Amino acid sequence: MNTEPTLFDLSELINLSDGNMEFVQSMVDLFITQSEENAELIKEHYEKGDLGKVKAIVHSMKPSILIMGIYSLKEDISSIEDYTRRNENNAHLSELIAKMEESLLKVSQQLKEYHVI
Amino acid sequence: MTNIPCKYKIFLADDNKIFALFLMNFLKNSGFTDVHSFETGELLLQRIHEKPDIVLLDYFLNSKVETAANGNEILKQVIELYPDTYVIMVTSIGESDKVRELFKCGASDYITKDEKVRSNLETALIRVRAILDGRSRNC
């Protein structure tokens, strides 16, 4: 039995979709694709030292995170934004980036295993 | 949420596909049947000659296309070409300090992408329908 906590909460998405579960499924599918892409891009740009691009991607993720109820990432996203806005590349940022990548891949995996309809 | 059919044409530019999809779905459920989504402001401007009644513009539009202009630049171009366009800027938390500048550049309204995004949108749509319906009665 999987005892890892569920990283997402679709209740708000279902509410915003007026119970249209096919639409919810299409949003989930899109999020899975996006989160895997974003995990890779964040890592790639961070390794190249391009904090501007990291900031742009992380910023663009914010509404998706809200819609998908991934509240655990909210603070980390804010922290990454703060560091990258100030162009501060430090050990904490490095940890946050690694954690973000891991979390995005985990939530993507959990969503793949979740049956909307 | 009202879903009375609404004749107004809406263009929206947002580089986050999930949020754009959510907006499209919400607008259609609200009765707006003529809704078009663009990933960048430049793509929106290519069709601006279609004269949308309402434009929803994200503030930051360059996460996917690095050279894409931001929402405030696109706003200025839309208003310069079609000053009567009702432009709603879409911002994230922490950017409300830019809001005054956006209104100076011709934005008609703004909404924030936060936990209250649904009610923010509903209120903005009620306002825009009231204003545009009022304009068409006066013509």
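**Two chains, term by term**

Colleague: Why does A:Asp18 count as partly exposed?

Modeller: In this predicted model, A:Asp18 has a relative accessibility of 43%. Buried would need a value under 20%, and exposed a value over 50%, so 43% falls in between. That residue sits in the loop between α1 (11-16) and α2 of chain A.

Colleague: What makes the backbone of A:Asp18 worth a look?

Modeller: Its phi is near 50 degrees, which is a positive value in a residue other than glycine. B:Lys51 also has a positive phi, about 50 degrees, and is not a glycine.

Colleague: Why is B:Lys51 called exposed?

Modeller: The cut-off for exposed is over 50%, and B:Lys51 comes in at 52% relative accessibility, so it gets the label. You'll find B:Lys51 in the loop between α2 (41-46) and β3 of chain B.

Colleague: Let's stay with chain B. What makes its strands an open sheet?

Modeller: Five strands line up in the order β2-β1-β3-β4-β5 of chain B, with parallel pairing. The ends give you the "open" part: the edge strands β2 (32-38) and β5 (109-112) of chain B each pair on one side only. Going from one strand to the next, the twist averages 20 degrees.

Colleague: How do you know that β1 and β2 of chain B really pair?

Modeller: Pairing takes at least two bridges. Strand β1 (residues 6-13) of chain B is joined to β2(B) by six, so the pair qualifies, and the two run parallel. B:Cys6, for its part, stands opposite B:Phe32 in β2(B).

Colleague: Why is β1(B) described as largely enclosed?

Modeller: Seven of its eight residues are buried, so the rest of the structure largely encloses β1(B). Buried here means under 20% relative accessible area.

Colleague: What lies across that sheet, and how do you know which way it runs?

Modeller: Helix α1 (residues 17-29) of chain B lies across β1, β2, β3 (54-58) and β4 (86-91) of chain B. Its angle to β2(B) is about 170 degrees. Helix α3 (residues 71-81) of chain B lies across β3 and β4 of chain B, and runs at about 180 degrees to β4(B).

Colleague: How many helices and strands does chain B have, and in what order?

Modeller: There are five helices and five strands in chain B. From the N terminus, the elements go β-α-β-α-β-α-β-α-β-α.

Colleague: Why is chain A called as compact as a globular protein of its length?

Modeller: The globule rule gives 13 Å for 117 residues, and the radius of gyration of chain A is 15 Å, close to that value, so the description holds. The C-alpha trace of chain A spans about 45 × 30 × 20 Å along its principal axes.

Colleague: How do you know that chain B fits the rule?

Modeller: A compact globule of 139 residues would have a radius of gyration near 14 Å, and chain B has 14 Å, so the two agree. The C-alpha atoms of chain B fill a box of roughly 40 × 35 × 25 Å along the principal axes.

Colleague: What share of each chain counts as buried?

Modeller: For chain A it is 45% of the 117 residues. For chain B it is 54% of the 139 residues.

Colleague: What makes a group of residues a nonpolar core, and which residues have the most contacts inside the largest one?

Modeller: Its members are buried nonpolar residues joined through side-chain atoms within 4.5 Å. The largest core has 60 residues, and B:Phe22 and B:Ile54 have the most contacts inside it. Helix α2 (residues 21-47) of chain A supplies the largest share of this core, nine residues. A second, separate core has 20 residues, among them B:Ala13 and B:Val55.

Colleague: Which residues does B:Ile54 touch?

Modeller: Leaving out residues up to four places away in sequence, its contacts include B:Tyr8, B:Ile10, B:Phe32, B:Ile88 and B:Leu132.

Definitions and conventions. Residues are numbered from 1 along each chain as its sequence is written. Chains are lettered from A and ligands numbered from 1 in the order in which they are written. This is a predicted model: local features need pLDDT of at least 70, side-chain atom pairs count only at pLDDT 80 or more; totals for chains, interfaces and linings use all residues. Side-chain values use heavy atoms; hydrogens and water are left out. Helices (H or I, at least four residues) and strands (E, at least two) are DSSP runs, numbered from the N terminus. Axes are lines fitted to C-alpha atoms, for helices over the stretch in contact, and angles run from 0 to 180 degrees between N-to-C directions. Contact means heavy atoms within 4.5 Å. The radius of gyration is taken over C-alpha atoms; the globule rule is 2.2 Å times the number of residues to the power 0.38. Buried means under 20% relative accessible area, exposed over 50%, partly exposed in between (1.4 Å probe, protein chains only).
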